[in-house]
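The account begins with the surroundings of the strand and then turns to the chain as a whole.

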Amino acid sequence: MIKVTLPDGSVREFEQGATAMDVARNISEGLARNVLSAKVNGEVRDANRPLPGDCTLALLTWNDPDGKATMWHSSAHLMAEAIEALYPGTKFGIGPPIENGFYYDIDLGDKTIGDGDFAAIEAKMKELASKKLVFERKEVSKADAIAYFTEKGDEYKLELLEGLNDGEITFYTQGNFTDLCRGPHIPDTSFIKATKVMSVAGAYWRGDEKRKQLTRLYAITFSKQKELDEYLVLLEEAKKRDHRKLGKELDLFTFSERVGAGLPLWLPKGAALRERLINFMKTAQEKAGYVQVATPHIGSKALYETSGHWEKYGKDSFQPISTPQEGELFMLKPMNCPHHCEIFASRPRSYKDLPLRLAEFGTVYRYEQSGELHGLARVRGFTQDDAHLFCRPDQVKEEFMKVIDLVLLVLRALNFENFEVQVSLRDKEDRSKYIGSEENWEKAEQAIIEAAAASGLKTVVEYGEAAFYGPKLDFMIKDALGRRWQLGTIQVDYNLPERFELEYGQRQWPPPSGDDPPRALRSLERFIAVIIEHTAGRFPLWLTPEQAIILPISDKFVEAAKTVGAQLEQLGIRTTIDERNEKIGRKIRDAELAKSAFMLILGEKEQADGTVSVGSRARAISGPCRPPRSPPWSRSASPDNWARQPA
RNA sequence: GCCUUUGUAGCUCAGGGGUAGAGCACUUCCUUGGUAAGGAAGAGGUCCCGGGUUCAAUUCCCGGCAAAGGCUCCA
């Protein structure tokens, strides 16, 4: 007999060789029907595999992330079987589950798959799934595995086998399809009831640009058609928040082929919003002891040779700008750091001058590959909220904490709660690719970890992700469709101070450290993109383009509306008037779609007692309010409290 | 850059080898209204650009440009 401990702490006894499925049946038939896999002593395994002995056991269903992953992993095998049936001779790469569904990388030879082929694949998958094929696990020797895939001619699987040891290799077979796989899998294919191939994409084998590009098919499955339908609706909803769509609808920005890809044009409403955001951040920076500087958009070749950018990025960036003067070359600035270093070096600095915090909203230009461009989130010309802090080694930790505070202040002012913080440190083994002394790295890495902890941040530590010149802390945020973007980064840089031979007092810089760019935001454009998606275009009041719109009931009240409008403008409230010859219902609808913060309705009644009737974009109607002197919609709050940027 | 898809009115999109289509927006007129679309008429196009096939190309083919989804998830 074996003892099985369940998540609630209860212990049940079973015969030797009992499976997780037996345990499930013992609890209830209903549960057994929903079990996808099981976590045995913390390891996810097939539900119908015999338990190893006494163990802790959690039965995994659709509600567990691991259960979902099992389902989707098995679905990938099912899709592979369908593809093999439809396109004989296909070679297979890898097919893992992902956040929303799964993919399989395949090599179709000369054939191509387009979205016109999806329906056939989905149908084949459903057909196979309905056969209730069992996933059979089999341990195989390395020699047998190699023999199998050699005969099949699947070079990708053979390559994967190279990295595996004899004795740890398993095959899974369902129906006519056998795959090299560590598992686990769902009991049989009947769990898969709804299938949807989402998209096709090229993907380099093992993520390496130099290797062959395979065809990647993304798909998702559910055990109920209804769940698939709901998922598709959810996707549609997310698309409505897409900043590219909202940016167009709300007249914030546009792109022009004639100007060039990746070069956003800010329309009046967007430019004003951007300006308000900058002002807010400048104020916050100044309070934190930063001084603003300004530097030109180009710099001579010599500047970038000193900084190392010429050597590292020269070829891959915009080509240099030449002048009538023979041999004279300038570069569009890809970053502000070199200029800031020169500002630091412009006169002798004492240790008493430190920390010196130079800030600039500097626009930089980078040649991003055409396929990388994405709305405002990845562009070729963008403005950085950039700052460089020059400090002594003993100040690094404190400065780091202050920068974190500044980033958090900005994020909180915009109600961001869900962001990830990643600490990027050196590779644990290979230290040769980093510059700077062991001692300084150690100190800086420690400083970052401690600063993050002291600020209460939940962080993920990634080894080997540090820049060659120093460790960093990155703020990552997700967009409407779940894609991750880096929003802010704080880095320590030993490279630039050394290259620019920055010094203070009598001591040269390198051993003492140069702390580098706390970019509260890496790119203002990307930040605004994320704000748009986060708020679905309903910006906080202080940021929103249209704070109030006055809706006269009919032409007769347009004059009165203008009077009220002038009063509001006087109070610094951004106000427009809908003078169109339309019914009030129509005006409300349009104001709603335009996401105006407040709607002020003015008709006969209001005109008579000098009020306006207030509705907000939350469709809350606050009743009549008196417009003059104070904002009518908030009798308790003064305009200072809501219209002004947060402090 | 590479793979797949797309490019038609200001916007969203239908169409198709031979007069270019709809809805919304726009202009004008009627209507003067009370909390998410009042009615009518009108105007609006180099069908992304270049080349090829054809009597004829916006449509088919090739090339460019731009946009979308990927190329980070490691059996």
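A residue is near a molecule or strand if one of its heavy atoms lies within 4 Å of it. Of the 61 residues around RNA strand B, Arg-182, Gln-213, Ser-554, Asn-581 and Arg-586 come nearest. Sugar and phosphate account for 53% of the atoms of RNA strand B that come within 4 Å of the protein.

This is a predicted model, in which local features need pLDDT of at least 70 and side-chain atom pairs count only at pLDDT 80 or more, while totals for chains, interfaces and linings use all residues. Residues are numbered from 1 along each chain as its sequence is written, chains are lettered from A and ligands numbered from 1 in the order in which they are written, and side-chain values use heavy atoms, with hydrogens and water left out.

**Contacts with the bases**

| Residue (backbone atom) | Base atom of RNA strand B | Distance |
|---|---|---|
| Val-200 | nitrogen | 3.1 Å |
| Ile-553 | nitrogen | 2.8 Å |
| Lys-605 | oxygen | 3.1 Å |

Two or more residues of the surface near RNA strand B come from each of β12 (194-204), β13 (213-222), α8 (243-249), α18 (584-593) and α19 (604-609). Helices (H or I, at least four residues) and strands (E, at least two) are DSSP runs, numbered from the N terminus. By class, this surface has 21 nonpolar, 18 polar and 22 charged residues. Here Ala, Val, Leu, Ile, Met, Phe, Trp, Tyr, Cys and Pro count as nonpolar, Asp, Glu, Lys and Arg as charged, and the others, Gly among them, as polar.

**The protein chain**

Chain A contains 20 helices and 33 strands. Its C-alpha trace spans about 80 × 75 × 55 Å along the principal axes. Of the 647 residues in chain A, 50% are buried, where buried means under 20% relative accessible area (1.4 Å probe, protein chains only).

**Strand β20 and its partners**

Strand β20 (residues 356-365) is mostly covered, with nine of its ten residues buried. Two strands pair if DSSP finds at least two bridges between them. Strand β16 (residues 291-292) pairs with β20 in the parallel sense over two bridges, and Val-291 has Leu-358 in β20 as its bridge partner. Strand β21 (residues 381-390) runs antiparallel to β20 and is joined to it by ten bridges. Glu-360 stands opposite Asp-386 in β21.

How values were computed: Polar contact = N/O pair within 3.5 Å; in protein donor to acceptor, adjacent residues only side chain to side chain.
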